[in-house]
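Dear colleague,

Here is the structure I promised to pass on to you. Please open it first and keep it beside you while you read my notes below.

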Amino acid sequence: MARIKKMLFRFFIYLNILIFSLACSYAYANSIRFVAEDLPPYHYLNAQGQADGVLVEIAKELQAHSGLEAKIDILPMARAYHELQTKPDVVMLAWLKTPSRAKNYQFLGVMCQTSASLMGLTSNQIPLSSLEQAKRYRVSTIRGYYSEQYLKKAGFSEEHDLVLASHYKSMWHMLYKGRTDFILTNTRTLQRELDELGLDPTLLESKLRLDDFPSELHLAANLQFSKSQAKKLQASLNAIKASGRYDEIVRKWRLLD
């Protein structure tokens, strides 16, 4: 009798361990991480140190609709990119879809639109009718962004006319202090960036709109990301857009055209 009790006790211990392991496996299988850089109004850390922004709100809607457990991390761009490359549970909240990236990553749907221009100070009366013309002057963008590749492919180089910044804050200060002539930037974000830095937007104007620059920011994951989770996120994004909830959030942040 004692032997049977001992066997039953071991059985229940084993059963509990198995149930716990299965529960942990299920939780892990349904857990993802959204990552993004500090780029208001899309995604940033607010005054309370919490992730905020239009795409953070949309990510929360995706989490609720898909039933996936999700964490949202605002990281330096280099680290966010590293996480996207190396971790199978990571989803980048907004990433430009380019031909080379399309081969190596999963793109799960358009999160928002961008508009790229060469911006300059109104006091700078240099007329620009083409990107080729801008090679006579100093042009800046952020190191590691696709815009760096775009400018280098167009013939710009750090030895002559390309000045790279580590962050949008330093990029804007370079322009306003006359250390560069033009910057290539997303015009959808510049108002909030200038407000944050206390820079006068009336001193700024678009010098050249770049219509061939990719304009869609996508939800993206690497090729190891779960296909079933990818389908859930795609379906949820489509459902949120169809319901009108997506437009409601974007309108709240004043990002609709």
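Which backbone oxygen does the side chain of S66 reach? It is the backbone oxygen of Q63, at 3.4 Å, and this is a polar contact, meaning a pair of N or O atoms within 3.5 Å, where within protein one must be able to donate a hydrogen and the other to accept it, and where residues adjacent in sequence count only if both atoms are side-chain atoms.

Before going on, please keep in mind that this is a predicted model, in which local features need pLDDT of at least 70 and side-chain atom pairs count only at pLDDT 80 or more, while totals for chains, interfaces and linings use all residues. Residues are numbered from 1 along each chain as its sequence is written, and side-chain values use heavy atoms, with hydrogens and water left out.

The protein has nine helices and twelve strands, which are DSSP runs numbered from the N terminus (helices are H or I with at least four residues, strands are E with at least two). Of its 257 residues, 47% count as buried, where buried means under 20% relative accessible area, exposed means over 50% and partly exposed lies in between, with a 1.4 Å probe and protein chains only.

To return to S66, this residue belongs to helix α2 (residues 54-66) and is buried, with a relative accessible area of 13%. Leaving aside residues up to four places away in sequence, S66 touches K232, L233 and S236, a contact being heavy atoms within 4.5 Å.

L233 leads us to the largest nonpolar core, which has 71 residues and in which I58, L118, W172 and L233 touch the most other members; such a core is a set of buried Ala, Val, Leu, Ile, Met, Phe, Trp, Tyr and Cys residues joined through side-chain atoms within 4.5 Å. With residues up to four places away in sequence again not counted, L233 touches, among others, I32, F34, L62 and F225. Apart from this core lies another, of ten residues, which include V35, A80, M92 and F107.

Next come the rings. There are seven aromatic pairs, for which rings of Phe, Tyr and Trp (its six-membered ring) must have centres within 6.5 Å, with planes under 30 degrees apart counted as stacked, over 60 as edge-to-face and the rest as tilted. The rings of W95 and Y105 have centres 4.8 Å apart and planes at 80°, so this pair is edge-to-face. W95 is in strand β5 and Y105 in strand β6, ten residues apart, and both are buried. Y137 and F182 also form an edge-to-face pair, at 5.9 Å centre to centre and with 85° between the planes. Y137 counts as partly exposed at 25% relative accessibility, whereas F182 is buried, with a relative accessible area of 0%.

With kind regards
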